[in-house]
Amino acid sequence: VTVSGGVFETSAANILGNSASVNISGTGDYSLGGDDTVGALTISGGQLSGSSTLTAATYALQGGTVGANLGAGAATASTGTTALNGNLTGSLEATGGTLNAAGTIGGNVTVSGGTVNLSAADRIANAVFSFTDTAATPIYTLAPDALPTATGITLTGTDAANYSHNA
């Protein structure tokens, strides 16, 4: 399913096949009307809207806005600017681009490139937050109390002390 303009709206749960690939770009809007499972989601523009949950094995976050929730699965933020306003149950690996997380992230978070902005307290659940800094500037910003106290933080790389935490 490719949504590059206009609105693709589902009105119930489980409309798409479990192996379907969903690609959202341009000004496309996939309005999720019920929980659904697909094989993969790629968003490079536009938006995934609704209050339901889309579950996929992989999520390629390359720009646009994710307003709906994302289920278990592995998300990768690699390019562009993506707003994660819904919740992500699965893991996140940031390799490039910018991810602005207003929603929560339930799985492990690995930052090896790009920028991850956590906008409020408790954005990452009790999972592992791993940060590998190879850049000369900070590649993530944490709002006050963005990580719960039980979360492990691992800093590695050539400039591991170069990070910002807005406490």
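The model is predicted, so local features need pLDDT of at least 70, side-chain atom pairs count only at pLDDT 80 or more, and totals for chains, interfaces and linings use all residues. Residues are numbered from 1 along each chain as its sequence is written, and side-chain values use heavy atoms, with hydrogens and water left out.

Let us start with the rings. The structure holds one aromatic pair, meaning rings of Phe, Tyr or Trp (its six-membered ring) with centres within 6.5 Å. Phe 8 and Tyr 30 make a tilted pair, 5.2 Å centre to centre with 55° between the planes; planes under 30 degrees apart would be stacked, over 60 edge-to-face, and the rest are tilted. Phe 8 sits in strand S2 (residues 7–9) and Tyr 30 in strand S4 (residues 29–31), so the pair ties together parts 22 residues apart in sequence. Strands here are DSSP runs (E, at least two residues), numbered from the N terminus.

The table shows how accessible each partner is; buried means under 20% relative accessible area, exposed over 50%, and partly exposed in between (1.4 Å probe, protein chains only).

| Residue | Relative accessible area | Class |
|---|---|---|
| Phe 8 | 26% | Phe 8: partly exposed |
| Tyr 30 | 0% | Tyr 30: buried |

Next comes an open sheet of three strands, ordered S5-S8-S11 with parallel pairing. Two strands pair if DSSP finds at least two bridges between them. S5 (36–37) and S11 (69–70) are the edge strands, each pairing on one side only. Two bridges join S5 to S8 (residues 53–55), and Asp 36 has Leu 54 in S8 as its bridge partner.

Asn 69 belongs to strand S11. Its contacts (heavy atoms within 4.5 Å) include Leu 54 and Asn 87.

Methods. Helices (H or I, at least four residues) and strands (E, at least two) are DSSP runs, numbered from the N terminus. Lists of a residue's contacts leave out its neighbours within four places in sequence.
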